[in-house]
Amino acid sequence: MIIAVDGPTASGKGTIAKALAKHFGLPHLDTGLLYRAVGWQVAANGGDPDDPGDALAAADFPDGLLDNPELRSETTGGLASRVSVHPAVRQALFERQRKFATQPGGAVLDGRDIGTVIAPEAEVKLYVTATTAARAERRYLEMQDSGRKVSLKDIVDQLERRDERDKGRKDAPLAIASDAFVLDTTELSKEDAIALAITVVVQAT
Ligand code: C5P
């Protein structure tokens, strides 16, 4: 069973994907982390994330980089969104994601194009979303908790910029697969969102 979980930044898709993996005993891949590694590596190389050649060279990042906590920062998220525009970068990361998705026994993957490009044959597709205000507030509280000072307005700006880039790119834009279940988490607690996602998977399989 392949479970594809797509959606915009801070929608709750990562939390839901992790919870589904645990509940159904499946391995989980956060595909955003791969793009984050490329974004981080291009900066470390002194390259330009908007240059296709520099971005592709950074796709050859060492595996150990995936454990670097700096990958989780919003700065790296912005770089990831810039390198992910290049088709050659997406192609370079395709096989790894495809292999994970098709391993015997199944898998849960979360990202932007899992249900549309990486595993269009997935048995279950969730598109997790929430209003910009709700997503920004969650991100703001997360950052406050971790002691980082940022303004809510800056977070809204960053989210909107990232959404626009991810939805507007030509190759594998963030889009709702025609057979996806749209799970809007705006009014849901984390627990209710997870419970609903589990119900959707159970009903679909
Ligand atoms: O999900 P996360 O915020 O970690 O993703 C970082 C960036 O990586 C996204 O804004 C998006 O541009 C890119 N990405 C992508 N395709 C995926 C996962 C992430 O283009 N499957």
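I take angles under 35 degrees as roughly parallel, over 145 as roughly antiparallel, 65 to 115 as roughly perpendicular and the rest as oblique.

**Conventions.** The model is predicted; local features need pLDDT of at least 70, side-chain atom pairs count only at pLDDT 80 or more, and totals for chains, interfaces and linings use all residues. Residue numbers start from 1 along each chain as its sequence is written. Helices (H or I, at least four residues) and strands (E, at least two) are DSSP runs, numbered from the N terminus.

**α2 against α4.** I looked up the axes, which are lines fitted to C-alpha atoms, for helices over the stretch in contact, with angles from 0 to 180 degrees between N-to-C directions. The axes of α2 and α4 come within 7 Å and cross at roughly 95 degrees. The two helices, α2 and α4, are therefore roughly perpendicular to each other. On the α2 side the contact (C-beta atoms, placed from the backbone, within 7 Å) includes Gly32, Tyr35 and Trp40, and on the α4 side Thr76, Leu79 and Arg82. I sorted the residues of this contact by class: eight are nonpolar, four polar and two charged. Here Ala, Val, Leu, Ile, Met, Phe, Trp, Tyr, Cys and Pro are nonpolar, Asp, Glu, Lys and Arg charged, and the others, Gly among them, polar.

**Burial of α4.** I count a residue as buried if 20 or more other C-beta atoms lie within 10 Å of its own, exposed if 12 or fewer, and partly exposed in between, with C-beta atoms placed from the backbone. Seven of the ten residues of α4 are buried, so this helix is largely enclosed by the rest of the structure. Its cover includes α2, α3, α5 and α8. Thr75 also sits in α4, but counts as exposed because it has 12 C-beta neighbours inside 10 Å.

**Cores.** A nonpolar core is a set of buried Ala, Val, Leu, Ile, Met, Phe, Trp, Tyr and Cys residues joined through C-beta atoms within 7 Å. The largest has 28 residues, and Leu109 is one of those with the most contacts inside it. Its largest share, five residues, comes from α1. A second, separate core of 16 residues includes Ala58, Ala59, Phe61 and Leu79.

Note on methods
Two residues are in contact if their C-beta atoms, placed from the backbone, lie within 7 Å.
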